[in-house]
Amino acid sequence: MVMNRRTLILSAVAAGAAGYLLFGLGGDDSEAETFEFALSDDEWRKRLGDRAYAVLRREATEPPFTSDLLDEKRAGIYACAGCDLDLYASSTKFDSGTGWPSFYAALPNAVGTRTDHKLLLPRTELHCRRCGGHLGHVFDDGPPPTGKRHCINGLALTFRPVSA
């Protein structure tokens with residue numbers, strides 16, 4: 001097969017678009033944002049430990065059904081494991097069956113969003129408003145009253161029970 005210039009250009013554009021969509025080669029939006037709570041990469045590693053660092057700072061996903069917080073039923077507050085900002089009230093937690101702690105709403109002014117292009121289809125990524133730590137993603141298949149499912153990595157959270 002003879003490759004002409006048009007075929008070569010179209011192939012290069014298609015390969016670039018596929019790389020961007022599949023591997024997030026278009027850059028990381030979080031690097032452009034600044035947050036009120038910031039640490040150096042080494043400080044984050046020391047503060048969080050390897051597993052939480054991978055989730056909060058490198059946007060990894062913990063394996064499903066591994067979080068101790070998945071079965072947490074007590075009343076309390078779920079906070080960012082990076083900066084301790086209160087993120088979710090236990091009253092908004094529900095069992096989604098997905099294997100990750102799920103909430104139908106965040107506390108006011110607690111989380112930020114950005115578009116995540118790491119998979120073929122864009123998703124809405126959730127991050128801590130104060131430190132930028134990656135929490136998980138939000139989907140439109142949650143219960144009333146919001147219809148949203150905040151699917152959150154347990155490693156991104158700490159739990160503080162409310163005293164009785």
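This is a predicted model: local features need pLDDT of at least 70, side-chain atom pairs count only at pLDDT 80 or more; totals for chains, interfaces and linings use all residues.

Author: What follows is a chat about the labels used here and the values behind them.

Reader: Fine. What is the protein built from, and in which order do the elements run?

Author: There are 4 helices and 9 strands. Starting at the N terminus, they go α-α-α-α-β-β-β-β-β-β-β-β-β. The protein has 164 residues, 36% of which count as buried. Its accessible surface is about 9700 Å², and carbon and sulfur atoms hold 56% of that.

Reader: Let's start with a pair. What makes R45 and D41 a salt bridge?

Author: The cut-off is 4 Å between a side-chain nitrogen of Lys or Arg and a carboxyl oxygen of Asp or Glu. For R45 and D41 the closest N and O atoms are 3.5 Å apart, so the pair qualifies under the 4 Å limit. Both residues sit in helix α3 (residues 41-48), 4 residues apart, which is about one turn of the helix.

Reader: Which other residue does D41 form a salt bridge with?

Author: R58, with the closest N and O atoms 3.2 Å apart. D41 belongs to helix α3 and R58 to helix α4, so this pair ties together parts that are 17 residues apart in sequence.

Reader: Why are these residues called partly exposed?

Author: Buried means under 20% relative accessible area and exposed means over 50%, with partly exposed in between. D41 has 32%, R45 has 41% and R58 has 47%.

Reader: Now E62. How do you know that E62 has no salt bridge?

Author: The nearest side chain of opposite charge is R51, and R51 is 5.2 Å away.

Reader: Where does E62 lie, and what is E62 in contact with?

Author: E62 is in the loop between α4 (50-58) and β1 (76-80). Setting aside neighbours within four places in sequence, its contacts are V55, S67, W100, P101, I152, N153, G154 and L155. Across the protein, of the contacts between residues at least 6 apart in sequence, 56% join residues at least 24 apart.

Reader: On to the strands. How do you know that β6 and β7 pair?

Author: Pairing takes at least two bridges. Strand β6 (residues 123-128) is joined to β7 by 4 bridges, so the two strands count as paired. They run antiparallel, and E125 stands opposite H137 in β7. The two strands form a hairpin with 5 residues between them, and G132 in the turn has a positive phi of about 80°.

Reader: What joins β7 to β8?

Author: Another 4 bridges join β7 to strand β8 (residues 149-152), and these strands run antiparallel. G136 has I152 in β8 as its bridge partner.

Reader: What makes β7 "mostly covered"?

Author: In strand β7 (residues 134-139), 5 of the 6 residues are buried. Buried means under 20% relative accessible area, so the label rests on those residues.

Reader: One last label. Why are β2 and β9 called edge strands?

Author: The open sheet has 3 strands in the order β2-β1-β9, with antiparallel pairing. β2 (86-89) and β9 (157-161) each pair on one side only, and they are the edge strands. From one strand to the next the twist averages 30°.

Reader: How many bridges do β1 and β2 pair over?

Author: They pair over 3 bridges, in the antiparallel sense. Pairing needs at least two, so 3 will do. Y78 stands opposite Y88 in β2.

Definitions and conventions. Residues are numbered from 1 along each chain as its sequence is written. Side-chain values use heavy atoms; hydrogens and water are left out. Buried means under 20% relative accessible area, exposed over 50%, partly exposed in between (1.4 Å probe, protein chains only). Lys and Arg count as positive and Asp and Glu as negative; His and the chain ends are not counted. Contact means heavy atoms within 4.5 Å. Accessible areas come from the Shrake-Rupley method with a 1.4 Å probe; for residues, only the protein chains shown count as cover. Axes are lines fitted to C-alpha atoms, for helices over the stretch in contact, and angles run from 0 to 180 degrees between N-to-C directions.
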